[in-house]
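Work through the exercises below with the sequence and the model in view, and try each task before you read its solution.

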Amino acid sequence: MYKILLVEDDEKLCDKLAKHLIRWGYEVIKIKNFEKIMDEFIQINPHLVLMDINLPYFDGFYWCYKIREFSKCPILFLSSRDQDMDIIMAMNSGGDDYITKPFSVEVLSAKIAAILRRTYAYTDQQMQTMSIGNAVFNLGDHTLKMNDIKLELTKNESRILHTMLLNKDKIVSRDKIMRALWDDDQFVNDNTLTVNINRLRKKLEELGLKDCIKTKKGEGYMMQ
Amino acid sequence: MSIMKFIKQHLYRLLFDGLILSLMDSVLATSVPLSQSLKDIMYLNLVIMFTILMRETILFRRWKNSYDQLHHQLQENDVHNNVPILGQSVEEDLIRKIHRYHVAKSDLKVLEIKDKMDEINDYITKWTHEIKMPITVLELIACEVENFSTDKAKELRIEIDRLRYLVGQVLHISRANSLSEDLSYQEVHLDTLIKEVIKSNMNLFIHSNMEIRLGDLNHEVLTDTKWLTYICEQLFNNACKYGKENGWIEINSFKNEEKIYLSIRDNGLGIPIQDIERVWDKGFTGENGRKGNRSTGMGLYLVHKIANQLGHEVSIESEVHKGTCITIEFSQLVDLHVTKMSL
């Protein structure tokens, strides 16, 4: 489990953020003493740091320098400052990426995942292939396989299936699926989404996976 | 400076000259031994009058010259220009003093106003950063809400988006005045930029159920990324706000020999013909604004202002019920490529 250190002095934001990160399967530690961030950093030894810029005592750039003196731990800046200068400063002081507040949760999760993947070079098999009943869904080449049958999925279908599988047994709203698609430069609208889901259902049906995507009227879809 | 003015200003002197002349004449006329020679008196009068005329002509010339010069100086130099009033006369000295006094006074006032503006601007900038914190928290709450009510989450997201858009506008208005200090030109790939803008305004598009049609955006333009992003954001927002149910927005770019054009077209309400001339005006909301869409009348005004400062032209075409098309015109990078190749 990846350990993420939150350096954010707004308690409310910190709490909410921690909650989400825990839900995505990370271990989260919040900084308590902003005067001695280094001590806590050394003690925790996290895999990733989420760093705010405006902090009590010293700013995020300072702590970034301090961490860089002896650690290569990836640092992701989170700030409401959006001037080019701040972003340049963040990168110069050793930051790996920069997100401006307010950010969408999807963007944050994507960036965290990307940085962790880059830094720790993990090839999580679970991320690449997922199982639905007896079938295997391969995220890498967008295919669905069962015994000898291999079906090609379109990029959209593959994204939809991936989102559904990540939220198994939970209702997934149409909004959420659309946001996942949009994150991938597929700017589909409501009608296109319906078409895509119907196609995906047909393909799943071909593998004998009938009704595995259930429609929850007015709420969205659910995969079981 | 005309002769009439001169006469007006020196009326008393001339009147006294006349008085002296008539007094002298009456003395001469009444004194017995001289009274016979009326011709002599006439002659004397003429000589004196001629002398006076000569004096006055010379004086007029000098008067005209000096005042013309002064007039000219006052007209040429605006109050803040410190080129001094020339000449050493009492008037000129006085004018100099008055001028200096007023310049100093208005300078002081300008400084005072500038201080106040800076203070307000500083505060607004800080405030917009502060307000982003609760917006971020709201964003996270919306995600939590989604787990038990997708409808409420959607409502929340729409409001958050509106909040975000308005906060962005505040920040951009406060910066737009000092825009020239804040520009950094780069070669920007339209495709990348547009896709980024679409993604960061994803909720807006999804909730207004807009179909996005992307044309050929494979062009590079020389612009400031942040400000062009802002312009596009404003235009997309308008397209969604004044769009139809199941509307579309089409983004296209093309180039000719001199220019690259980016066009953003929608099939929304359109702008009535009597309003189209005024859409770039500050605070102008027009007929569509009165229909209940909360318009501030700032969006297109800012677009126009910023685009002009960036050196891009914007133009608008619109037809009621058919839609609106806004085109941004960029100068081509031809010169830049030439220098690049020669390097």
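A residue is called buried when its relative accessible area is under 20%, exposed when it is over 50%, and partly exposed in between (1.4 Å probe, protein chains only). Helices (H or I, at least four residues) and strands (E, at least two) are DSSP runs, numbered from the N terminus. The model is predicted, so local features need pLDDT of at least 70 and side-chain atom pairs count only at pLDDT 80 or more, while totals for chains, interfaces and linings use all residues. Residues are numbered from 1 along each chain as its sequence is written, chains are lettered from A and ligands numbered from 1 in the order in which they are written, and side-chain values use heavy atoms, with hydrogens and water left out.

**Exercise 1. Find the buried residues of helix H3 (residues 60-68) of chain A, and state how they are arranged about the axis.**

Step 1. The buried residues of this helix are A:Gly60, A:Phe61, A:Trp63, A:Cys64 and A:Ile67.

Step 2. Seen down the axis of H3(A), these residues fall within an arc of 165° (taken from the directions from the helix axis to the C-beta atoms), so they line one face of the helix.

Step 3. An α-helix has 3.6 residues a turn, so residues three or four places apart point the same way.

Step 4. The buried residues of H3(A) pack against helix H2 (37-44), strand E3 (48-51), strand E4 (75-79) and helix H4 (84-92) of chain A.

**Exercise 2. Decide which helix of chain B gives the most to the nonpolar patch.**

Step 1. The patch, of about 940 Å², is made by B:Ile3, B:Met4, B:Ile7, B:Leu11, B:Tyr12, B:Leu15, B:Phe16, B:Leu19 and B:Leu23.

Step 2. Helix H1 (3-9) and helix H2 (11-30) of chain B each supply at least two of its residues, and H2(B) gives the most, with six.

Step 3. B:Tyr12 lies in helix H2 of chain B, and this residue counts as exposed because its relative accessibility is 63%.

**Exercise 3. State where confidence is lowest and where it is highest in chain B.**

Step 1. The mean pLDDT (the predictor's confidence in each residue, from 0 to 100) of chain B is 82, and 89% of its residues reach 70 or more.

Step 2. Confidence is lowest in helix H12 (residues 334-342) of chain B, at a mean of 49, and highest in strand E5 (residues 259-266) of chain B, at 91.

Technical notes:
Patch = residues over 30% accessible without salt bridge, like charges linked within 9 Å, V, L, I, M, F, W, Y side chains within 5 Å. Areas by Shrake-Rupley, 256 points an atom, 1.4 Å probe, with all protein chains shown as cover. Salt bridge = Lys/Arg side-chain N within 4 Å of Asp/Glu carboxyl O. Contact = heavy atoms within 4.5 Å.
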